[in-house]
Amino acid sequence: MFAIIDIESTGGDPKKDRISEIAIFVHNGQRVIEQYCTLINPETYISPFIVALTGISNEMVAEAPKWEEVADKIEELTRGRVFVAHNVRFDYSFVCNEFKRMGKRYHRRQLCTVRLSRAILPDLVSYSLGRLCQQVGIPVEHRHRAFGDGAATAELFNVLLQNDKQKFIQDSLKDEISQSIMPPNLRREDIEDLPEETGIYYFKDERGKNLYIGKSKNIRQRILSHFAGDMDSRKYLELKPKIFSIDYVLTGNELVALLLESHEIKRWMPPYNSAQRRKKFRYGIYKEIDDAGYINLKIGLLKLDIEPVLAIGSKRGAEAVLVGLADRFNLCLKKCGLENTSDACLNFYDGKCRGACKNAEPVDEYNAKVEQAVANYYYKQPDFVIVGEGRKPQERSVVCVENGQYLGYGFFDESDEEGYTFGQLKDTIQPFPDHPDLHSIIRSYVRKTRKHHKVIYK
């Protein structure tokens, strides 16, 4: 059985926009046997652009039922049925987030008529719903309204069923859990109950000891991929019979997941997380000014009283970093502590070093290159918070750095975000220990523009 669904919304972002109309066509594999459509009061303003696109105005939804009033009906009509939509990720994400706002989890198997159309009806000019229906002779009434687009999608689904000679639909509906190679000591319900949300997960043995800790934007999908055998086969064959339970922590966004995963791996030292188990960094790369005024980059053991440019686990690793910086920014190998000769460095003879090793390159020009080379290892400012998505639609996350040190993360109600200061946001966090690994993660996020993250400086 299938539930063919179309929604209209107040915008294109399921995290913050709301559903204003939904249509559901229950299909038994041969024909539509039940249909349902209703306007929904989104409890937010509908912009003139969206009104012009959908024809749904603020006045039309003012007296419509709220999501909470129709949620039970929607859950009932889709229960045990495959969620079908044209660009299913869009409609499914909105429905999931509406249930999430109620504190409920919503999971359905999904089919996308865009992907199915590309496979079953190849070489068409366009696969947008309107153009696609026009090409296969399906009339579309009331475009950009839930009932009109939903009815057209239902007719398109009939066409796909009739033309699916290679059984693409059947293959897409294969049981994802039974197709996976399940650990023998896990129950099917353990997998079915996993969330399709961002967070970290734990594979545990019969005593509850952590065997492996991972993170994902979609916990359920990632764990199923493990069981389908994407882990190193030898390692996985050894791990699989030891897994007796799975636990998880939702984080709301990937940044918090990365930070928590790194912390938890170092805290519990799971035997199958060998790559991230290192707790201590012994070496650092330091800046020093020589007698001629040039900035030198030197490798040394970590010091309590001097902050390094970069902390790193081994001397060999530090050397590799400096070799890369010298090559990319045309630095002198001698000034980077990589050569100790009386002659000019190798980079000078290769045309990369401009003579700093012979005190021939202007000091200001060379030092500017060094500062550019190490800039990515510093924060723009030492005190800031990163505000991101929370674990539910009304919530936001906070990651806090003060004096260049990671303090931890927390969550707060997004309705209060605009009035919060750095100090108030700092007070919402749960303290976590600092570690050089975490700053690599944070710097990467600060440097990149991300739709749902905002950096607030002190």
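**The chain as a whole**

The chain has 17 helices and 16 strands, where helices (H or I, at least four residues) and strands (E, at least two) are DSSP runs, numbered from the N terminus. This is a predicted model, in which local features need pLDDT of at least 70 and side-chain atom pairs count only at pLDDT 80 or more, while totals for chains, interfaces and linings use all residues. Residues are numbered from 1 along each chain as its sequence is written, and side-chain values use heavy atoms, with hydrogens and water left out.

Taken along the principal axes, the box filled by the C-alpha atoms is roughly 85 × 55 × 50 Å. Of the 458 residues, 48% count as buried, a class that means under 20% relative accessible area, with exposed over 50% and partly exposed in between (1.4 Å probe, protein chains only). If one takes the contacts (heavy atoms within 4.5 Å) between residues at least 6 apart in sequence, 61% join residues at least 24 apart. The chain exposes about 23400 Å², of which carbon and sulfur atoms supply 47%; accessible areas come from the Shrake-Rupley method with a 1.4 Å probe.

**Helix α12**

Helix α12 covers residues 254-268, and because 15 residues at 1.5 Å a residue should span 21 Å, the distance of 21 Å between its end C-alpha atoms agrees with expectation; the expected span is 1.5 Å times one less than the number of residues. At the start of α12, a side-chain oxygen of Asn 253 comes to within 3.1 Å of the backbone nitrogen of Leu 255. The helix is mostly covered, with 12 of its 15 residues buried, and the buried residues include Leu 255, Leu 258, Leu 259 and Ile 265, as well as Glu 261, Glu 264 and Lys 266. After α12 comes Met 269, whose phi is positive, near 50°.

**Two loop residues with positive phi**

Asn 87 lies in the loop between β4 (82-85) and α4 (88-101), and although Asn 87 is not a glycine, its phi is positive, at about 65°. Asn 87 counts as partly exposed because its relative accessibility is 41%.

Asp 123, in the loop between α5 (113-120) and α6 (129-136), is likewise not a glycine and has a positive phi of about 70°. With a relative accessibility of 77%, Asp 123 therefore counts as exposed.

Conventions: A polar contact is a pair of N or O atoms within 3.5 Å; within protein, one must be able to donate a hydrogen and the other to accept it, and residues adjacent in sequence count only if both atoms are side-chain atoms.
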